[in-house]
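Here's a quick briefing on the pockets of one protein model. Have a look at the structure, then we'll go through the pockets one at a time.

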Amino acid sequence: MSETVVLTAYMDPFKRDRYQSIYKSMQSNYMLAMKMLYGNKEANVETYRKELVDSFSTHYNYEYVDAGDVFATIEEETWEFREAQNLMEYNYHFSLLSTMYQMFEQQLRKFIYEELNHRLSPVRTDGEFADFGANMGKIKKAFNHVNYDLESNLYWHTIDTLADLVNAYKHGDGRSAKKLYKKHPEFFLQYHHTKERVMDRALTTNTEIVFDMKEANFNKFANALISFWKEFPEHLSGTYTIPDEKSKGN
């Protein structure tokens, strides 16, 4: 005969604070790094250009070399330096967003696994942690065991958008990118004259700048993750029916 048991989960204040504090630290580090590394990009570009001018002025005999060709080379290399700076800033921004989301997903996975497998729990999950919660669908199902729908959290919509943005950045034009574009086309940069998405012509998401960094605001997403854990209930409980041996065999 099957047995129905009560499952519980508890978010202690220390863990809640720890879950939130990592994103607060990332916010501070992000702002500091962006200011230090990319806060004066144009000044850095101009410094680089002047260094080229100084260097090229001693490398060529202008009696035999066309000064116009040298100037064109300087402008081309300066342009390439500027583009490289912009691309590094872009990838730093989206890489950190990706890291932040992956940390959140693993926080969810770790929390519910520990709550379902502690020594006083009446049930255990099948398999070890490495086999548990391999995707968000399975994580959501695990939380349902303690009667909590992750999507009911006020900040889940923003977090779900972050998940699609991160997956689109990592994998290019796929399911997540299509889902994101349908709901948030403002994230995708377009060519002014044709309105074609940059991503469609560039065929990449990280070797070219294809997403709008201003729309993908770092603090907006960090604040959503902080607020998710701030709102997360202290106590959760639900019931689970343990199948009897006869049911398991069918």
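A pocket here is an open set of points on a 1 Å grid over the protein atoms alone, where a 1.4 Å probe fits and protein lies on both sides within 12 Å along at least five of seven lines; lining residues have an atom within 4 Å of a point. This is a predicted model, and totals for linings use all residues, while local features need pLDDT of at least 70 and side-chain atom pairs pLDDT 80 or more. Residues are numbered from 1 along each chain as its sequence is written, and side-chain values use heavy atoms, with hydrogens and water left out.

**Largest pocket**
- You get about 530 Å³ of space here, a volume being what probe spheres set on the points fill, with points joined across faces, edges and corners.
- Its lining has 17 residues, and Arg124, Thr125, Asp126, His145 and Tyr240 sit nearest the centre.
- α4 (136-144) and β2 (235-242) each supply at least two lining residues (helices are DSSP runs of H or I, at least four residues, and strands runs of E, at least two, numbered from the N terminus).
- The top contributor is α4, with three residues.
- By type, the lining splits into eight nonpolar, three polar and six charged residues (nonpolar: Ala, Val, Leu, Ile, Met, Phe, Trp, Tyr, Cys and Pro; charged: Asp, Glu, Lys and Arg; polar: the others, Gly among them).

**Second largest pocket**
- This one has a volume of about 240 Å³.
- Of its 16 lining residues, Tyr101, Met136, Ala163, Asn167 and Arg175 lie nearest the centre.
- α3 (67-117), α4, α5 (156-171) and α6 (175-183) give two or more residues each.
- α5 gives the most to this lining, with seven residues.
- The lining residues come out as five nonpolar, four polar and seven charged.
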